[in-house]
Amino acid sequence: MNADVVLAAKDGCRRSLARTLSALENNTLDIVNALSIIGEINSDNSNDSSWRIMAITGAPGVGKSCFVDKIISQWASQGKKIALLAVDPSSSRTGGALLGDRVRLSVVDDRMLKDMVYVRSIATRKSSSSVPVVISDMAKLLLALGWNKVLVETVGAGQSEVRCAAIADRIVVVEGPARGDGIQAEKAGLLELADAVIVNKSDMVGARKHADEIKESFELGDGKSPPVLLTSALTGDGCQYASDVLLNLQSTGRSSKARWRERLLAGLEQKLLQNAQLESVLSSLASGSIDIDEALNKLNN
Ligand SMILES: Nc1nc2c(ncn2[C@@H]2O[C@H](COP(=O)(O)OP(=O)(O)O)[C@@H](O)[C@H]2O)c(=O)[nH]1
Ligand SMILES: [Mg+2]
């Protein structure tokens with residue numbers, strides 16, 4: 001990767017920014033090198049009171065993209081430069097999520113605000129290294145280039161998506177109206193990481209009930225509930241208030257422990273994937289010449 005491209009990205013060239021992010025994604029550029037070209041120190045201030053990376057996660061169709069569009073408009077019109085990384089776990093078509101999300105992000109088409117907003121989608125299938133690490137590196141790069149906040153939209157469906165969300169300083173879980181199944185174990189796991197919960201589609205029946213259920217389940221846990229807010233990304237109801245709350249959102253102690261746990265696991269996974277012995281160990285495992293304990297021992301050396 002040519003340093004000129006990174007420097008052009010620093011000067012505001014969107015094309016160069018896209019190329020730099022792709023280089024991180026394809027492992028042809030290392031984040032440490034990228035940051036040294038930019039001349040920024042990669043300081044991890046995720047424990048500061050103000051956040052820099054926020055994950056917006058939740059089931060498909062709950063309205064994450066529509067809600068993100070609303071809050072980005074608010075923040076951009078307050079003078080904040082916002083980058084959105086939209087993680088698409090399934091799309092094999094080129095730019096599948098990109099198109100879908102672009103169409104819905106009215107803020108990108110807003111002539112006043114478009115310079116304040118950058119949107120990039122990440123098709124996780126394409127990535128050669130651990131996805132959470134790629135997202136984390138991209139977010140660090142964007143911050144070093146002067147973007148004030150990075151939002152990461154992920155589908156909060158499985159373990160790997162939870163791990164993507166965990167790279168953020170704050171995690172916001174978006175829910176829809178109640179579907180009558182209460183709070184399932186899987187959902188409880190995701191809610192454990194939440195610094196705030198948005199119950200979207202408040203224009204539909206069951207939203208308030210679901211918000212109450214969620215608050216109750218937090219209170220049953222350790223007596224404390226993070227903000228649980230009702231919004232309608234369709235009518236705009238509650239969105240201004242939610243964007244103010246999220247901009248100043250603090251982390252809950254419970255969520256930060258859960259987040260570090262996921263980050264440790266992502267880090268271990270990355271180490272494993274980068275281990276030079278991995279291919280030969282996998283072959284030995286497949287042929288039955290070693291067992292899993294021996295494999296782990298070999299990989300530890
Ligand atoms: N009634 C209603 N529909 C909404 C609301 N927010 C989003 N939608 C609709 O829900 C669908 C999914 O929205 P999208 O933002 O793509 O969801 P995502 O998959 O979570 O990103 C779209 O058809 C939206 O128009 C809302 O607040 N109320
Ligand atoms: Mg979406």
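Helices (H or I, at least four residues) and strands (E, at least two) are DSSP runs, numbered from the N terminus. The views below show a predicted model, in which local features need pLDDT of at least 70, side-chain atom pairs count only at pLDDT 80 or more, and totals for chains, interfaces and linings use all residues. Residues are numbered from 1 along each chain as its sequence is written, and chains are lettered from A and ligands numbered from 1 in the order in which they are written.

**View 1. Phe218 in helix H10.** Phe218 is found in helix H10. A residue is called buried if 20 or more other C-beta atoms lie within 10 Å of its own, exposed if 12 or fewer, and partly exposed in between, with C-beta atoms placed from the backbone. Phe218 is buried, because 22 other C-beta atoms lie within 10 Å. Two residues are in contact if their C-beta atoms, placed from the backbone, lie within 7 Å. Neighbours within four places in sequence left aside, the contacts of Phe218 are Lys224, Ser225 and Pro226. The C-alpha atoms of Phe218 and Leu191 are separated by 8.4 Å, and these residues are 27 apart along the chain.

**View 2. The whole protein.** The protein contains 14 helices and seven strands. Of its 301 residues, 41% are buried. Among contacts with a separation of 6 or more, 73% are between residues 24 or more positions apart.

**View 3. The largest nonpolar core.** A nonpolar core is a set of buried Ala, Val, Leu, Ile, Met, Phe, Trp, Tyr and Cys residues joined through C-beta atoms within 7 Å. The largest one has 78 residues, and Ile82, Leu85, Ile135, Ala139, Val150, Val152 and Val172 touch the most other members. Helix H7 (residues 131-144) gives the most to this core, namely nine residues. The core lies between domain 1 (1-39) and domain 2 (43-272), because both give residues to it; the domain bounds come from an automatic or database domain assignment. In soluble globular proteins, nonpolar side chains tend to be buried together. Beyond four places in sequence, Leu85 is in contact with Arg120, Ile122, Ile135, Met138, Ala139, Val150 and Val152.

View 4. All seven of the seven residues of strand E4 (residues 149-155) are buried, so the strand is largely enclosed by the rest of the structure. Lys149, Leu151, Glu153 and Val155 point one way from E4, while Val150, Val152 and Thr154 point the other way. In a regular strand the side chains alternate between the two faces of the sheet. Two strands pair if DSSP finds at least two bridges between them. Strand E1 (residues 53-58) pairs with E4 in the parallel sense over six bridges, and Ile53 has Val150 as its bridge partner in E4. Strand E2 (residues 82-88) also runs parallel to E4, joined by five bridges; here Leu85 has Val152 as its bridge partner.

View 5. Strand E5 (residues 170-175) pairs with E6 in the parallel sense over four bridges, and Val174 has Ile198 as its bridge partner. Strand E7 (residues 228-230) runs parallel to E6 and is joined to it by three bridges. On this side, Ile198 has Leu229 as its bridge partner.

**View 6. The shell around ligand 1.** Ligand 1 is surrounded by 15 residues, of which Gly63, Lys64, Ser65, Cys66 and Leu234 are the closest. A residue is near a molecule if its C-beta atom, placed from the backbone, lies within 6 Å of it. Helix H4 (residues 64-77) gives the largest share of the shell, three residues. The shell divides into six nonpolar, five polar and four charged residues. Ala, Val, Leu, Ile, Met, Phe, Trp, Tyr, Cys and Pro count as nonpolar, Asp, Glu, Lys and Arg as charged, and the others, Gly among them, as polar.

**View 7. Ala34 in helix H3.** Ala34 is found in helix H3 and counts as buried, because it has 25 C-beta neighbours inside 10 Å. Residues up to four places away not counted, Ala34 touches Val6, Thr20, Leu24, Leu29 and Leu141. Ala34 and Leu141 are 107 residues apart along the chain, and their C-alpha atoms are separated by 7.4 Å.
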